[in-house]
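Hi,

Here is the structure I promised to pass on. Have a look at it first, and then read my notes below.

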Amino acid sequence: MGQDHIRYDILAQDALRGVIRKVLTEVGATGRLPGDHHFFITFLTGAPGVRISQHLKSKYPEQMTIVIQHQFWDLKITESQFEIGLSFSDVPEKLVVPFNAIRGFYDPSVNFELEFDVPLADDEEETSSSEITAYPVPVEGEEAPAAAAKEGEEKKPGSVVSLDAFRKKQ
């Protein structure tokens, strides 16, 4: 196989991050989510440009998942990042998250998920290319897509993983 001088992997990631940017822009314009939509967004807390409180950074040193649903404020979107106000244990926090720091986006109301293989800071030297997978998530009781890993099977890049994989284990 020839060398990819165009870098389709990077172009695809940018395009799919554009989906997240567009969705958040529409939510920011109205100040609310339409219908039953809500989002789980997982991002690397140590990625360049991420701004979170020291308290959250110490609690989530590598990555964290936020939920945008009922209570959020000051949602601002630029070409490269979003800013949002959220409450953590009744403490208001302002977060700034570059789109390049996002590892996962999930809207459970329509079973839509995007995954980005963003290397952790320690993995950066070892990982020379990134993979991305976009697919609908099966509804409980339905057969999983062919790309889904079977129970007990090792999860490989591009495999379907449950939302639990994005949550910080405590």
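Strand 3 and strand 4 (residues 81-88) are joined by 3 bridges and run antiparallel. Strands here are DSSP runs of E with at least two residues, helices are runs of H or I with at least four, and both are numbered from the N terminus. Two strands count as paired if DSSP finds at least two bridges between them.

Before going further, some housekeeping. This is a predicted model, so local features need pLDDT of at least 70 and side-chain atom pairs count only at pLDDT 80 or more, while totals for chains, interfaces and linings use all residues. Residues are numbered from 1 along each chain as its sequence is written, and side-chain values use heavy atoms, with hydrogens and water left out.

Now the wider view. The protein has 2 helices and 8 strands, following the pattern α-β-α-β-β-β-β-β-β-β along the sequence.

Next, the aromatic rings. Searching the whole structure gives 3 aromatic pairs. Rings of Phe, Tyr and Trp (its six-membered ring) pair if their centres lie within 6.5 Å; planes under 30 degrees apart are stacked, over 60 edge-to-face, and the rest tilted. One of the pairs is Phe 39 with Phe 105: the centres are 5.1 Å apart and the planes at 35°, so the pair is tilted. Phe 39 lies in strand 1 (residues 39-44) and Phe 105 in strand 6 (residues 102-107), so this pair ties together parts 66 residues apart in sequence. Phe 39 is buried, with a relative accessible area of 3%, and Phe 105 is buried with a value of 3%. Another pair is Phe 40 with Tyr 106, with centres 6.1 Å apart and planes at 40°, so this one is tilted. Phe 40 is in strand 1 and Tyr 106 in strand 6, 66 residues apart. Both Phe 40 and Tyr 106 are buried.

Phe 105 also stands opposite Leu 114 in strand 7. Strand 6 and strand 7 run antiparallel, joined by 4 bridges. Their hairpin has 4 residues between the strands, and Asn 111 takes a positive phi near 55° there. In strand 7 (residues 112-116), 4 of the 5 residues are buried.

Finally, which ring does the charged end of Arg 17 sit over? That of Phe 116, 4.3 Å from its centre. The charged end of Arg 21 sits over the ring of Phe 99, 4.9 Å from its centre. The test is NZ of Lys or CZ of Arg within 6 Å of the ring centre and within 35 degrees of the ring normal.

Cheers

Technical notes
Buried means under 20% relative accessible area, exposed over 50%, partly exposed in between (1.4 Å probe, protein chains only).
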